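The sequence and structure are shown first.

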Amino acid sequence: MNTRFETREPSATEDSLARAVIGAAIDVHRELGPGFLEALYAEAMAIELQARGVAFAREVAVAIRYKDKLLQPVRLDLLVEGALVVELKSVERLLPLHTAQALTYLRAANATLGLLINFNVPLLKEGVRRIIDSRRTR
């Protein structure tokens, strides 16, 4: 299989979506604080994004291929405007495994930009990571 790759940075639209999602996450974190399970933050994010008029889908199934065979799909926590992958966590600290997972989800969704957000932190800015996959297949 000969796959070609092109280098691509996030667009202004993707960056704008990321800022909107981070703003929503800040409001959710201010209201709820740390300490809840991920599912509760996902529900609160859905409410906040909807209130802001940001189009999104929850638990989006993305097909994974292995040697041209379809495997069980992975589920993205949030897919915003069909372009931004958002992976939510509520853990003591983000690990390299979480970053790798988010990058894998980006590639599976053929997206360039993602956010990894950990709500279990005193200040949300400590729990937000931008994940960029500048290598996209075409």
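Val86 in strand E4 is the bridge partner of Leu78. Helices (H or I, at least four residues) and strands (E, at least two) are DSSP runs, numbered from the N terminus. This is a predicted model, in which local features need pLDDT of at least 70 and side-chain atom pairs count only at pLDDT 80 or more, while totals for chains, interfaces and linings use all residues. Residues are numbered from 1 along each chain as its sequence is written, and side-chain values use heavy atoms, with hydrogens and water left out.

| Strands | Sense | Bridges |
|---|---|---|
| E3 and E4 | antiparallel | 3 |
| E4 and E5 | parallel | 6 |

The hairpin of E3 and E4 has 3 residues between the strands, and Glu81 there adopts a positive phi near 55 degrees. E4, helix H3 (residues 96-109) and E5 form a β-α-β unit that is right-handed (with the strands pointing away from the viewer, the path from the first strand over the helix to the second runs clockwise).

Because 6 of the 6 residues of E4 are buried, this strand is largely enclosed by the rest of the structure; buried means under 20% relative accessible area with a 1.4 Å probe, protein chains only. In a regular strand, side chains alternate between the two faces of the sheet. In E4, Leu84, Val86 and Leu88 point one way, whereas Val85, Glu87 and Lys89 point the other way.

**Helix H2**

Helix H2 (residues 38-51) contains 14 residues and spans 20 Å from its first C-alpha to its last, close to the expected 20 Å (1.5 Å times one less than its number of residues). Its buried residues are Tyr41, Ala42, Ala44, Met45, Ala46 and Leu49. These pack against helix H1 (12-32) and strands E2 (56-66), E3 (69-80) and E4 (84-89). Gly53, with a positive phi near 75 degrees, follows H2.

**Asn118**

Asn118 lies in strand E5 and is buried, with a relative accessible area of 1%. Its side chain reaches the backbone nitrogen of Val91 at 2.9 Å, and a polar atom of that side chain lies 3.2 Å from the backbone nitrogen of Asn120. Beyond its neighbours within four places in sequence, the contacts of Asn118 (heavy atoms within 4.5 Å) include Lys89, Arg93, Leu124 and Gly127.

Technical notes: Buried means under 20% relative accessible area, exposed over 50%, partly exposed in between (1.4 Å probe, protein chains only). Two strands pair if DSSP finds at least two bridges between them. A polar contact is a pair of N or O atoms within 3.5 Å; within protein, one must be able to donate a hydrogen and the other to accept it, and residues adjacent in sequence count only if both atoms are side-chain atoms.
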